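User: I would like a close look at one part of this model, the aromatic rings and what surrounds them. Please keep it plain.

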Amino acid sequence: MTSPEDRTRDGAADAGRTADVLLRPLVPDDLDALEDMEEALFGAGAWSRASLAEEIAGPGRWYVGAQDRASGELVGYAGLWFDGYDGQVMTVGTRPDAQGRGVGRMLLDALLDHARELGAGDVLLEVRVDNEPALRLYERAGFERFGRRKGYYQPENVDAWTMRRKA
């Protein structure tokens with residue numbers, strides 16, 4: 001399993017198109033859709049079905065999905081790990097055909113709200129240095145870069161920015 005990381009492939013809403021989605025907890029029945037999105041979004045770095053199953057049920061984890069109201073399909077997902085002090089964004093992903101409609105921001109806002117409810121001090125994340133849509137999303141949400149991790153994303157060997165903001 002990949003280490004805790006941000007995995008966003010979504011930017012801000014564009015051209016006035018916004019998603020009409022319902023945010024809900026992820027359940028094991030979502031694994032087929034999650035596995036498909038992982039492969040489409042992250043290719044060689046995608047989490048396995050077993051890793052996804054462990055994540056959505058793991059202690060201290062909170063995973064939420066964005067379900068399209070019209071089709072009923074899962075179009076995005078995000079997860080937070082709380083260690084008792086800080087929150088760690090584990091992943092944020094939006095299906096390619098739903099990107100640019102604000103789904104990623106809705107999911108991120110849900111994670112931040114949950115971190116505040118838990119009493120987290122900070123929320124941390126890692127993001128690929130070459131993922132401009134994700135960097136824009138996080139910076140607009142108040143995250144600041146504070147470190148760089150060399151070769152963090154494997155097997156691609158791509159660096160990550162470490163970012164944080166107050167919960």
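Are Tyr 138 and Phe 143 buried or exposed?

Analyst: Both residues, Tyr 138 and Phe 143, are buried. Bear in mind that the model is predicted.

These two residues also belong to the aromatic pairs, of which there are two. In the pair of Tyr 138 and Phe 143, the ring centres lie 5.6 Å apart and the planes meet at 70°, so the arrangement is edge-to-face. The cut-off behind that word is an angle over 60 degrees.

The other pair is made by Tyr 152 and Tyr 153, with ring centres 5.1 Å apart and planes at 80°, so this pair is edge-to-face as well. A residue is called buried when its relative accessible area is under 20%. Tyr 152 has 13% relative accessibility and therefore counts as buried. Tyr 153 has a relative accessible area of 5%, so Tyr 153 is buried too.

Tyr 153 has the charged end of Arg 128 over its ring, 5.9 Å from the ring centre. Tyr 153 thus has a ring partner in Tyr 152 and a charge from Arg 128 over its ring. A further case involves Phe 146: the charged end of Arg 164 sits over its ring, at 4.0 Å from the centre.

Terms used. Residues numbered from 1 in each chain as written. Predicted model: local features only at pLDDT ≥ 70, side-chain atom pairs only at ≥ 80, totals over all residues. Heavy atoms only, no water. Phe/Tyr/Trp six-rings, centres within 6.5 Å; stacked < 30°, edge-to-face > 60°. Buried < 20%, exposed > 50% of the residue type's maximum accessible area, 1.4 Å probe, protein only. Lys NZ or Arg CZ within 6 Å of the ring centre and 35° of its normal.
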